[in-house]
Amino acid sequence: MGMFKLFRNTLYIRIEPENIALLHVESGSQFADIPMLAIETRKGKSTIIATGRDALMLSGRDNITISNGFRHPRTLLADFAIAEQTLKHFVRKTLPKSLFVTSPVMIIQPLALLEGGLTQIEIRAFAELGALAGARQVYLWVGPELTRDELSKLNFARAGGQLLFP
């Protein structure tokens, strides 16, 4: 088990329109920022030049668009492509820097716009978002915040929550 844990990567990702918090379960490393991208467009080509608070500082500059893929009045996933790029960048900032990094298991927990429950479309979209951000397996959790112990054992049995995917 000790050797297996060395190569394990579990990411706990809590998403709100104004904050995404990531926890690398095995190391305890954390990263949180606002889910913003600064995208520069030159000669028809778009390039991500900053994320999070750094992106906001570029607001108002020529050829730069600031986007939040998680801000919409009805759903947490407003722009899938922007949300995907944001999550990819945030995952890179959270995973340990190493030559050999295994694809992580992701537990994604949406924290806003949950009235009436998530639709099957939203559940599928979050699962695909995690997969495209590099996860080898995605769990979608709605409920109380999970502890590091629950996350390391992938134990979702606690009452008061719901595992929506897989």
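Reader: Leaving aside neighbours within four places in sequence, which residues is Thr51 in contact with?
Author: This is a predicted model. Neighbours within four places in sequence are left aside here. The contacts of Thr51 are then Asp33, Met36, Leu37, His89, Phe90 and Lys93.

Reader: Is Thr51 buried or exposed?
Author: Thr51 lies in strand β5. Its relative accessible area is 6%. Buried means under 20%. Thr51 is therefore buried.

Reader: Is Phe90 buried or exposed?
Author: Phe90 lies in helix α3. Its relative accessibility is 0%. The cut-off for buried is under 20%, so Phe90 counts as buried.

Reader: Which residues does Phe90 touch, not counting those up to four places away in sequence?
Author: Thr51 has Phe90 among its contacts. The list for Phe90 includes Thr51 in turn.

Reader: How many Å apart in space are Phe90 and Ile13, C-alpha to C-alpha?
Author: In sequence, 77 residues separate Phe90 and Ile13. In space, C-alpha to C-alpha, the distance is 9.8 Å.

Reader: Which strands stand at the edges of the open sheet?
Author: The open sheet has 3 strands, in the order β5-β4-β6, with antiparallel pairing. The twist from one strand to the next averages 30°. Two strands have a single partner each, so one side of each is left without a neighbour in the sheet. These edge strands are β5 (45-51) and β6 (64-67).

Reader: What is the bridge partner of Glu40 in β6?
Author: Strand β4 covers residues 37-42. β4 pairs with β6 in the antiparallel sense, over 4 bridges. In β6, the partner of Glu40 is Ile64.

Reader: Are α3 and α4 parallel, perpendicular or oblique to each other?
Author: α3 spans residues 80-94 and α4 spans residues 120-132. They pack at about 45°, with their axes 9 Å apart. Roughly parallel needs under 35 degrees, and roughly perpendicular needs 65 to 115. The pair is therefore oblique.

Reader: How many residues of the contact of α3 with α4 are charged?
Author: α3 brings Phe80, Ala83, Glu84, Leu87 and Lys88. α4 brings Ala125, Glu128, Leu129 and Leu132. The contact holds 6 nonpolar residues and no polar ones, and the charged residues number 3.

Technical notes:
Residues are numbered from 1 along each chain as its sequence is written. This is a predicted model: local features need pLDDT of at least 70, side-chain atom pairs count only at pLDDT 80 or more; totals for chains, interfaces and linings use all residues. Side-chain values use heavy atoms; hydrogens and water are left out. Axes are lines fitted to C-alpha atoms, for helices over the stretch in contact, and angles run from 0 to 180 degrees between N-to-C directions. Angles under 35 degrees count as roughly parallel, over 145 as roughly antiparallel, 65 to 115 as roughly perpendicular and the rest as oblique. Contact means heavy atoms within 4.5 Å. Ala, Val, Leu, Ile, Met, Phe, Trp, Tyr, Cys and Pro count as nonpolar, Asp, Glu, Lys and Arg as charged, and the others, Gly among them, as polar. Two strands pair if DSSP finds at least two bridges between them. Buried means under 20% relative accessible area, exposed over 50%, partly exposed in between (1.4 Å probe, protein chains only).
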